[in-house]
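Please consult the sequence and the structure shown below.

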Amino acid sequence: LHPPSLRSSTPSPSINPRTCTMMHVAAALMLAVGAALPAHAATLPTSSTPVFFWSGAEYLKGKQSVSGLLAAADVETYARDIFQSASEERLLHPEYVSTENPEVFVSFTFHKVPHNFMAEFAGSFHKGYTFLKDVVTNAPSSLVLTQVSLERKYSSFASMFSVHLAPKAQMIEETVEGSDGCERVVREIGKKKIFNNKRTDLVSVMFTENDQQANEECMKRIISIVSEGTKEKYVCMLSAEAVQPIQVAFPSVSQHTNSAHRSHNRIHTQAVTSSDTIAGTGLIEYITPVIFIGILFALMLLYFFYVGVVAMFSIVVPMRFEKNPFKIGKIY
């Protein structure tokens, strides 16, 4: 005896060919998006700045410069030798810093500047007069760190220097924003007794606006007050807290920008400032590798979810089932 024909048996699931085509298109779009995002624009790791030290007396050994890439933590070691009173054997940089301590250490920093701001502030691009070039050249002693990387800078320079202050030493930390900010710093210097207290006190001034003329006038005023109060027993430092990175972007068909750019064969290198933006590439400045990998991973999960839903909807089942099941294998 042969079993009856299985006319209403459930067929095996099958996927519509149209679904396969849609899956291939989605995969191609995902690969195209992943390939287009990093190729459209990228940020170069050029967050570095020069650091200038100069003194009213010879607290630094001569007029020297240190070339090569240094870390922000290395600047802290130079400041540590200036703050702490120690013998030459205990200094970390005895070839650059003397054993005598100044009465006041003045730190001038810029909150965030373009990549070439410090070079222009120092007069590296022209032979004319600049305040920084004049004060460093005519100082009894100076030290220039030509390139300091800010990539792994864990805190501000003022916070890094404050841990090396002697007990009961004074610290003035102010932010200069406009003309009122400089007046506030002058008033704070007059209130606190930072002169002739036999300790190295810290005066930290941060400029939030990149107005070269206004910043130079404020620096001149503060240095004049400190120099007169300490009888030129001071050390000054000038640096930047953060530097805007250089953005490299592939040129599009119509690319309009107000920033001056330098053209190469296939790419354009442009310095991105707060007022200069590039159409279609401004978001890349805020995307880190971790965020980018997270976006790709999320897109991959969405793609798998889409394929699963489409495959579920493509399963073909019979429109109805028999009420009484077949007695397969039970026929005697």
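Which residues make a nonpolar surface patch of about 330 Å²?

## Basis of the model

This is a predicted model, in which local features need pLDDT of at least 70 and side-chain atom pairs count only at pLDDT 80 or more, while totals for chains, interfaces and linings use all residues. Residues are numbered from 1 along each chain as its sequence is written, and side-chain values use heavy atoms, with hydrogens and water left out.

## The nonpolar patch

The patch is made by I291, I295, L299 and L302. Areas come from the Shrake-Rupley method with a 1.4 Å probe, and for residues only the protein chains shown count as cover.

I295 is found in helix α8 (residues 289-313). Its relative accessible area is 35%, so I295 is partly exposed (buried means under 20%, exposed over 50%, partly exposed in between; 1.4 Å probe, protein chains only).

## Strand β4

Helices (H or I, at least four residues) and strands (E, at least two) are DSSP runs, numbered from the N terminus. In strand β4 (residues 104-110), 7 of 7 residues are buried. One side carries V104, V106, F108 and F110, the other F105, S107 and T109.

Strand β4 runs parallel to β7 (residues 201-207), joined by 7 bridges, and V104 has D201 as its bridge partner there. Another 7 bridges join β4 to the parallel strand β8 (residues 234-240), where A240 stands opposite F110. Two strands pair if DSSP finds at least two bridges between them.

How values were computed. Patches are made of residues with over 30% relative accessible area and no salt bridge: like charges are joined within 9 Å, nonpolar side chains (Val, Leu, Ile, Met, Phe, Trp, Tyr) within 5 Å. A salt bridge is a side-chain nitrogen of Lys or Arg within 4 Å of a carboxyl oxygen of Asp or Glu.
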